[in-house]
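Trainee: Could we go through this one together, slowly, before I try to write it up myself?

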Amino acid sequence: MTKKTQKNHSAHGLKPDCLSFGEVLAQSFAVIAPTTIPASNIGLIVALSGNGAWLSFAIGLIGLVFVSININQFASRSASAGSLYSYIVKGLGPTAGVICGWSLVLAYLFTAMSVLCGFANFTGSFIGHLGIHPSPITLLSIGAGVAWYAGYKDIQLSAMAMLWLEGASVAAIALLGIIIWAHKGFALDMSQLTLEGVTPGNIATGLVLVMFGFSGFESATSLGDEAKKPLKNIPKAVMGSAVMAGLFFILMTYIEVLGFSGTGVSITNTEEPLSFLAQQVGMGWLGELVALGALFSFFACVLGSINPAARVFFMMARHGLFHSSLGVAHSSNRTPHVAVTMCTFMTFLVPAVMSMFNIKLFDCMGYLGAICSYGFLTVYILISIAAPVYLHKIGKLRVRDVAFSVAAIAFMMIPIAGSVGIPGSTMFPVPEAPYDAFPYLFLMYLVATCGWFFLQRRRYPELVGSMEQVIDAIHAKFEV
């Protein structure tokens, strides 16, 4: 069987060999949505990390480079729509794989919900200048509806839209960032560089939202059935998206905190910091352009989050873990249309209900973003454990592989410590409400979903064997 035949055979009804490296990279980059952090969310992170916000991003970047190395131990050897779920089943078995699958589903969906709130919030502010004031639910439904159409219709349409929207937004923000820094005489901000007033607890707590900022960098792995040269292009996209986004975050965080110094306005209370800074340097029109770019970036992230969530549901359904209809691909569009529809509806429903209870969209964005971080952290730790176990099974384990695994896990434990806190500790204080409850809500979610899996396992003893057999078959197709 030739490699192309193997690839087509493994596509599960999805459109094979259709996405270039740029389009695969766009998937990971769109879920990271690097535009949204400097344009909107940076104030939330500075509120937690203070002058050490840039360092929180740097630590997050280093940790995720190690996580990328562990992910790529699998991504360079096999590919499917199952993303990290399939990898962890292969490395640690079905139970760990199911924990990963449910964590990924929550992570991607809550990311989509959070950025949908950002989309609605930014859209409301943007068109509010024109005297148009639609309700939040109207804006949420528009964002979700357009994202559903693109995800339902064509993965290439989705990828191209994400590639151009995000690329243009990042370019506009980078240009504005350079202008802001030049306006400050390219000054060195010693309060940031010396971490004035910053504690380790500040850095660790800020890392929770930093993880949200980076979250989704691995989502290119969900395009294993649809990417060209997946064993080459997906690992490059995973590592490349993390590094490029990380460097962008560090630079823009430094510039924005510097830009707000001496203005008398706090960045932590500003929902559109770049628009404010553009006014300060006399280039309000560029701030409006960046705001428009951020609007498109939020939309690209909604779409980019729904796509991998739907593909994880799609693969888990084909393994018997969900209703079989979720594992069906559209006969002509070659997309997991039922899973896309369900994920889009859930993405709309939760923010809409929160809005009905008069929770501000900006606050919804922060709450949902913090919760999704726990899903990603769980998955990143599991994949970092699974990588050396998998390499040992195939006789490829080296000492440095164990070191990469330990380093990744150690880095991921920092935001976990920051998010849970230690009662009575000044270094790792317990977060304020409602953030203090989020880790425990996530644990309750895992207990409930894994409990359901154990019930299914008892009712259908052949379920586990079938999962392992299907995933072994996927890996076998790529073995040299």
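Trainee: Leaving aside its neighbours within four places in sequence, which residues is Gly-101 in contact with?

Mentor: Before anything else, please keep in mind that this is a predicted model. Once the neighbours within four places in sequence are set aside, Gly-101 is in contact with Tyr-85, Val-312 and Met-316.

Trainee: Where is Gly-101, and is it buried or exposed?

Mentor: Gly-101 sits in helix H6, and because its relative accessible area is 0%, it is buried. Its C-alpha atom is separated by 7.7 Å from that of Leu-84, a residue 17 places away along the chain.

Trainee: Okay, new topic: how many residues does the largest nonpolar core have?

Mentor: The largest nonpolar core has 154 residues, and the ones with the most contacts inside it are Val-67, Tyr-85 and Phe-217. As background, nonpolar side chains tend to be buried together in soluble globular proteins.

Trainee: And what does Val-67 touch, leaving aside its neighbours within four places in sequence?

Mentor: With those neighbours left out, Val-67 is in contact with Phe-217, Tyr-380, Ile-383, Ser-384, Ala-408 and Met-412.

Trainee: What about Phe-122 and Phe-298, how are their rings arranged?

Mentor: Phe-122 and Phe-298 make a tilted aromatic pair, with 5.4 Å from centre to centre and 50° between the planes. Since Phe-122 lies in helix H6 (residues 94-128) and Phe-298 in helix H13 (residues 284-318), the pair ties together parts that are 176 residues apart in sequence. Phe-122 and Phe-298 are both buried.

Trainee: Which residues do ring pairs link into a cluster?

Mentor: That cluster is made of Trp-102, Tyr-374, Phe-442, Tyr-445 and Trp-452.

Trainee: Switching to the backbone, which residues does a cis peptide bond join?

Mentor: The cis peptide bond joins Ala-433 and Pro-434, with omega at about 0°, and Pro-434 is placed in the loop between helix H16 (399-420) and helix H17 (438-459).

Trainee: And what is phi of Ala-33?

Mentor: Phi of Ala-33 is near 50°, which is a positive value in a residue other than glycine. Ala-33 is in the loop between helix H2 (21-32) and helix H3 (36-49), and it counts as buried because its relative accessibility is 0%. Phe-186 likewise has a phi near 50°, but it lies in the loop between helix H8 (155-183) and helix H9 (190-193) and counts as partly exposed, at 47% relative accessibility.

Trainee: Last one: which residues form the nonpolar patch on the surface?

Mentor: The patch is formed by Ile-137, Phe-345, Leu-349, Val-353, Met-356 and Phe-357, which together have about 610 Å² of accessible area. Helix H14 (residues 337-356) gives the most to the patch, with 4 residues, while Ile-137 is found in helix H7 (residues 136-153).

Notes
Residues numbered from 1 in each chain as written. Predicted model: local features only at pLDDT ≥ 70, side-chain atom pairs only at ≥ 80, totals over all residues. Heavy atoms only, no water. Patch = residues over 30% accessible without salt bridge, like charges linked within 9 Å, V, L, I, M, F, W, Y side chains within 5 Å. Areas by Shrake-Rupley, 256 points an atom, 1.4 Å probe, with all protein chains shown as cover. Salt bridge = Lys/Arg side-chain N within 4 Å of Asp/Glu carboxyl O. Helix = DSSP H or I, 4+ residues; strand = E, 2+ residues; numbered from the N terminus. Core = buried A, V, L, I, M, F, W, Y, C linked by side-chain atoms within 4.5 Å. Buried < 20%, exposed > 50% of the residue type's maximum accessible area, 1.4 Å probe, protein only. Contact = heavy atoms within 4.5 Å. Phe/Tyr/Trp six-rings, centres within 6.5 Å; stacked < 30°, edge-to-face > 60°.
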